[in-house]
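Hi everyone, thanks for making time for this one.

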Amino acid sequence: QVQLVESGGGLAQPGGSLRLSCAASGSIPSGYVMRWYRQAPGKQREWIAFITSSGTTDYADSVKGRFTISRDSTKNTVYLQLTSLKPEDTAVYYCNTNYRNTWGQGTQVTVSS
């Protein structure tokens, strides 16, 4: 059974950066997609980025040009580099794969001065 564990969240100032990690405890077969979502207080969970096993990526308009998703298959880890952070990026960030629709527990990102 695959488990996903996010880390790297915390407090950042507006304009700052963070790097989130999502480590899979087991191997995810090739062909499956890794995604990042986020959920702000009082709002629905929203998709923000995905990466395929071949390295294709896409982003929500709200983060395009500021966030970068990447993966290290040797470490079974997916990353989300957050830059030019804004207060509206404050949310719990979740990692997901469509392999058995597995979710992580989330990591809190707070952007505030």
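I'll take the whole chain to begin with, and then turn to the pocket. Please keep in mind that this is a predicted model.

So, what does the secondary structure of the protein chain come to? We have 0 helices and 11 strands. Reading from the N terminus, the order of elements is simply β-β-β-β-β-β-β-β-β-β-β. The radius of gyration is 13 Å, close to the 13 Å from the globule rule for 113 residues, so the chain is as compact as a globular protein of that length. If you box the C-alpha atoms along the principal axes, you get roughly 40 × 25 × 25 Å.

Now the packing. Of the 113 residues, 43% count as buried. Looking at contacts between residues at least 6 apart in sequence, 52% of them join residues at least 24 apart.

On to the pocket, then. The largest pocket has a volume of about 170 Å³. Which residues lie nearest its centre? Those are I28, M34, R71, S73 and N76, out of 16 residues that line the pocket. In terms of strands, strand 3 (18–24), strand 7 (67–72) and strand 8 (77–82) each give at least two residues to that lining.

Note on methods
Residues are numbered from 1 along each chain as its sequence is written. This is a predicted model: local features need pLDDT of at least 70, side-chain atom pairs count only at pLDDT 80 or more; totals for chains, interfaces and linings use all residues. Side-chain values use heavy atoms; hydrogens and water are left out. On a 1 Å grid over the protein atoms alone, a cavity is a set of points where a 1.4 Å probe fits but cannot get out, and a pocket is an open set with protein on both sides within 12 Å along at least five of seven lines; lining residues have an atom within 4 Å of a point. Grid points are joined across faces, edges and corners, and a volume is the space filled by probe spheres set on the points. Helices (H or I, at least four residues) and strands (E, at least two) are DSSP runs, numbered from the N terminus. The radius of gyration is taken over C-alpha atoms; the globule rule is 2.2 Å times the number of residues to the power 0.38. Buried means under 20% relative accessible area, exposed over 50%, partly exposed in between (1.4 Å probe, protein chains only). Contact means heavy atoms within 4.5 Å.
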